[in-house]
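Hi everyone, thanks for making time. I'd like to walk you through one model today, so please have a look at the sequence and the structure before I start.

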Amino acid sequence: MTRHFLRDDDLAPAEQREVLELALRLKADRFAAQPLAGPRAVAVLFDKPTLRTQLSFTVGVAELGGFPLVVDGNLAQIGVRESVEDTAGVLGRQVAAVVWRTFDQARLEVMARHAGVPVVNALTDQFHPCQGLADVLTVAEHAGGLDALAGRTFAYVGDGANNMAHSYLLAGATAGMHVRVGTPAGRRPDPQVVDRAAEIAAGTGGSVTIVHDAVAAVVGAQAVATDTWVSMGDATTAAEAEALFGPFRLDTALLARAEPGAVALHCMPAYRGKEIAAEVIDGPRSVVFDEAENRLHVQKAVLTWLLEHS
């Protein structure tokens with residue numbers, strides 16, 4: 001059976017642990033795994049703007065011994081010029097895996113059904129599982145290791161309906177963490193995602209909590225994350241975003257309500273003075289560049305693991 005990484009819960013708790021352990025090994029020795037030696041190609045498709053994702057996947061595929069075949073979605077026009085099904089059939093005959101940064105999750109699911117090779121979600125409107133995994137690894141590194149993840153409290157403040165909130169709920173619950181989302185009442189996460197995260201947490205000893213107060217989300221947390229208030233394709237204006245999410249800004253006063261020594265996370269790009277204060281993202285408790293680097297290591301681990309299990 002071909003395995004895919006389309007959303008965070010595509011990895012069971014034990015499998016997530018395997019991938020995180022592999023990521024740490026590949027971080028210590030970046031050329032320890034060569035599953036793409038040949039080189040074998042990996043198609044890396046981008047329908048949305050990118051910096052960290054393109055950087056980390058192209059470097060990662062190369063370090064795994066492969067060739068990153070980067071495809072500009074504006075040129076390919078997948079789903080417009082050619083159907084997703086036909087594109088998948090063409091790609092699957094020539095590449096070892098497909099990585100796709102696109103819009104609706106359904107497009108990615110169609111790709112996975114028809115490609116015949118592992119498909120990895122490099123971001124959709126609904127989920128960003130590679131970032132979720134990278135952030136779990138980052139929290140572990142600053143907590144003393146993977147064994148320290150279970151029972152820790154991870155708080156996210158901001159837009160609860162976006163892809164990062166969904167991925168934090170699923171990835172954090174899978175790791176056995178207590179995940180709290182602080183968001184305006186009108187921006188709650190997808191109820192199906194919340195229910196699935198709660199189901200996972202029931203088996204891992206974690207929990208999921210949705211609140212509409214930033215302090216209630218952050219108090220006592222060991223890790224606090226936020227994300228841009230306006231995601232790609234969101235029509236919310238800057239003024240609307242400020243009115244809606246301003247009370248959830250991650251500033252020094254809010255971070256002070258977390259546990260002393262709590263780390264601050266942001267997947268970037270970041271807008272200082274909006275969702276996060278400059279004093280926080282540029283301060284001593286910020287781990288944003290660890291997160292950005294860890295994208296490389298977890299994605300290499302995901303590709304290696306998927307290829308081994310497909």
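A quick word on the annotations first: UniProt positions are given in the numbering used here, and such annotations may be inferred rather than shown by experiment. Also keep in mind that what you see is a predicted model.

With that said, the unreviewed UniProt entry lists residues 3-141 as "domain: Aspartate/ornithine carbamoyltransferase carbamoyl-P binding". In the model, that span is 47% helix and 14% strand, and its end C-alpha atoms lie 27 Å apart.

The unreviewed entry also carries a "binding site" annotation, covering Gln-77, Arg-101, His-128, Pro-129, Cys-130, Gln-131 and Arg-295. These residues are spread over 219 residues of sequence, and in space they are up to 26.4 Å apart between C-alpha atoms. Gln-77, for one, sits in the loop between α3 (73-76) and α4 (84-92).

Which helix does α6, residues 129-143, pack against at an angle of about 115°? That partner is α13, residues 288-308, and the two axes are 8 Å apart. Angles of 65 to 115 degrees count as roughly perpendicular, so α6 is roughly perpendicular to α13. Their crossing is right-handed. On the α6 side, the contact includes Cys-130, Gln-131, Leu-133 and Asp-135, and on the α13 side it includes Asp-290, Asn-294, Arg-295 and Val-298.

Next, α1, residues 13-28. The axes of α1 and α6 come within 11 Å and cross at roughly 70°, so these helices are also roughly perpendicular to each other. Again the crossing is right-handed. From α1 we have Gln-16, Val-19, Leu-20, Ala-23, Leu-24 and Lys-27, meeting Leu-133, Val-136, Leu-137 and Glu-141 of α6. What is the make-up of this contact of α1 with α6? Its residues divide into seven nonpolar, one polar and two charged.

Pro-129, Gln-131, Gly-132, Asp-135 and Val-136 of α6 make the contact with Met-164, Ser-167, Tyr-168 and Ala-171 of α7. Those residues divide into five nonpolar, three polar and one charged.

Tyr-168 leads me to the aromatic rings. The whole structure has three aromatic pairs. In one of them, Tyr-156 and Tyr-168 are tilted, at 5.6 Å centre to centre with 50° between the planes. The pair links strand β5 (residues 153-157), which holds Tyr-156, to α7 (residues 163-174), which holds Tyr-168, and the two tyrosines are twelve residues apart.

Finally, some backbone details to look for on your screens. Gly-38 and Pro-39 are joined by a cis peptide bond, with omega about 0°, and Pro-39 lies in the loop between α1 and β1 (41-46). Another cis peptide bond joins Met-268 and Pro-269, with omega about 5°. Pro-269 is in the loop between β9 (263-266) and α12 (278-281).

Note on methods: Residues numbered from 1 in each chain as written. Predicted model: local features only at pLDDT ≥ 70, side-chain atom pairs only at ≥ 80, totals over all residues. Heavy atoms only, no water. Helix = DSSP H or I, 4+ residues; strand = E, 2+ residues; numbered from the N terminus. Axes fitted to C-alpha atoms, helices over the stretch in contact; angles between N-to-C directions. Parallel < 35°, antiparallel > 145°, perpendicular 65-115°, else oblique. Left-handed = near helix turned anticlockwise from the far one by under 90°. Contact = heavy atoms within 4.5 Å. Phe/Tyr/Trp six-rings, centres within 6.5 Å; stacked < 30°, edge-to-face > 60°. Nonpolar A, V, L, I, M, F, W, Y, C, P; charged D, E, K, R; others polar.
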